[in-house]
Amino acid sequence: MLEEKILSGWAEPIFHVSGALLGVCTVFRRVRGAPDREQTSRLVQTSQLASLLLSQYHHQQQVQDNIETFSGIFEGIHSGILVLDGEGKILNSNRSAQRLLDLSAQQLLGESFYSFSATGFNDFSHVQRQLTAALAGLARTFLFWGVSGSQQVLPMQMSFSSTRYFGQTVVLASFEDIS
């Protein structure tokens, strides 16, 4: 039996950086006696490495859970949403925006928000002022005339608000077809 061969053992707690106990690193030997300094040092180092690995794993799991939560909310909203950088370039879009604009996510990504403006219907300087105000933290709502991928002109109620998106200040453009 295994128990008959083990004559001594040592354990070192594995702590999270927050101080929470994650587990115990245990070493067993077939010889009686306490570990020497080198063995104790290796056990402590192994415990610290295990702590780093477990902490990294838990952090990655939390990030994945947060991304899934964000995606669920982002895609579940019925209004069209475009994530715009400070120049009005589209960083992301939800399914509702893709449906309303009759364009795929790939067709929208990287395009200028202004390229979906119905020619002659919008005052670009007014829209730019709304974008600038939103980036400064002032939410804005206005009428915007858009054009779909099938060239249909769409009157939209457009709302701009500022938020953080993967470490970058962006504008969330939410809109609905009001025709």
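Helices and strands here are DSSP runs, at least four residues (H or I) for a helix and at least two (E) for a strand, numbered from the N terminus. With that settled, I counted five helices and seven strands in the protein. I'm working from a predicted model, so I keep that in mind throughout.

**Entry 1: overall layout**

I read the elements off along the sequence and got α-β-β-α-β-β-α-α-α-β-β-β. Then I checked the dimensions. The C-alpha atoms fill a box of roughly 90 × 35 × 20 Å along the principal axes. The radius of gyration is 28 Å, whereas a compact globule of 179 residues would come in near 16 Å.

I looked up burial next: 30% of the 179 residues are buried. The accessible surface is about 11,300 Å², with carbon and sulfur atoms owning 55% of that. For contacts between residues at least 6 apart in sequence, I found that 41% join residues at least 24 apart.

**Entry 2: the cores**

Which residues have the most contacts inside the largest nonpolar core? They are Leu82, Leu84, Phe113, Met158, Phe160 and Phe175, in a core of 23 residues. I traced where the core comes from: β3 (80-84), α3 (95-101), α5, β5 (140-147), β6 (153-165) and β7 (168-177) each put in at least two residues. The largest share is from β6, with four residues.

I also noted a second, separate core of five residues, including Phe74, Ile81, Val83 and Tyr165.

Back to Phe175, to see its surroundings. Skipping residues up to four places away in sequence, Phe175 touches Ser79, Gly80, Ile81, Leu82, Ala97, Leu100, Leu101, Met156, Gln157 and Met158. Ile81, one of those partners, is listed in the second core.

**Entry 3: Ser117**

Is Ser117 buried or exposed? Its relative accessible area is 8%, and the cut-off for buried is under 20%, so Ser117 counts as buried. I found Ser117 in the loop between α4 (105-108) and α5 (124-135). Neighbours within four places aside, Ser117 is in contact with Asn122, Phe124, Phe144, Trp145, Gly146 and Val147.

**Entry 4: a nonpolar patch outside**

Nonpolar side chains in soluble globular proteins tend to be buried together. I went looking on the surface anyway, and there is a nonpolar patch made of Val63, Ile67, Phe70 and Phe166. Together they show about 370 Å² of accessible area.

Val63 sits in helix α2 (residues 37-76). Val63 has 36% relative accessibility, so I logged it as partly exposed.

Methods. Residues numbered from 1 in each chain as written. Predicted model: local features only at pLDDT ≥ 70, side-chain atom pairs only at ≥ 80, totals over all residues. Heavy atoms only, no water. Patch = residues over 30% accessible without salt bridge, like charges linked within 9 Å, V, L, I, M, F, W, Y side chains within 5 Å. Areas by Shrake-Rupley, 256 points an atom, 1.4 Å probe, with all protein chains shown as cover. Salt bridge = Lys/Arg side-chain N within 4 Å of Asp/Glu carboxyl O. Buried < 20%, exposed > 50% of the residue type's maximum accessible area, 1.4 Å probe, protein only. Contact = heavy atoms within 4.5 Å. Rg over C-alpha atoms; globule rule 2.2 N^0.38 Å. Core = buried A, V, L, I, M, F, W, Y, C linked by side-chain atoms within 4.5 Å.
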